[in-house]
Amino acid sequence: MPTPLDHEFVRAAARAADRLAVPLAARPDEEPSGVPHRGLARRVKTLVAAYRSGPAA
């Protein structure tokens, strides 16, 4: 039997992703010089997750 989706948790995770993505999205033309590849990948994943989650309620 499938486990029901915890909508409260999903909303909380989306809000957290949005909080992390806001400063990154505010500077789209800024070069991430000096950022290690893992840090850059983390930034990209954060922006994608925030985009895919839609507006947080």
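**Notebook: a pocket and a helix pair**

I started with the lining of the largest pocket, where H2 gives the most, with 4 residues. This is a predicted model, so I note that local features need pLDDT of at least 70 and side-chain atom pairs pLDDT 80 or more, while totals for chains, interfaces and linings use all residues. Residues are numbered from 1 along each chain as its sequence is written, and side-chain values use heavy atoms, without hydrogens and water.

I looked up the lining next: Pro23, Leu24, Ala25, Arg27, Pro28, Glu30, Glu31, Pro32, Leu40, Arg43, Val44 and Leu47. Helix H1 (7-25) and helix H2 (37-53) are the elements that give two or more residues to it. By class I got 8 nonpolar, no polar and 4 charged residues. The volume of this pocket came out at about 210 Å³.

Then I turned to the helix pair. H1 and H2 pack at about 120 degrees (on a scale from 0 to 180 degrees between N-to-C directions), with axes 8 Å apart.

For the contact (heavy atoms within 4.5 Å), I found Ala14, Ala17, Asp18, Leu20, Ala21, Leu24 and Ala25 of H1 against Arg43, Thr46, Leu47, Ala50 and Ser53 of H2.

Note on methods:
On a 1 Å grid over the protein atoms alone, a cavity is a set of points where a 1.4 Å probe fits but cannot get out, and a pocket is an open set with protein on both sides within 12 Å along at least five of seven lines; lining residues have an atom within 4 Å of a point. Grid points are joined across faces, edges and corners, and a volume is the space filled by probe spheres set on the points. Ala, Val, Leu, Ile, Met, Phe, Trp, Tyr, Cys and Pro count as nonpolar, Asp, Glu, Lys and Arg as charged, and the others, Gly among them, as polar.
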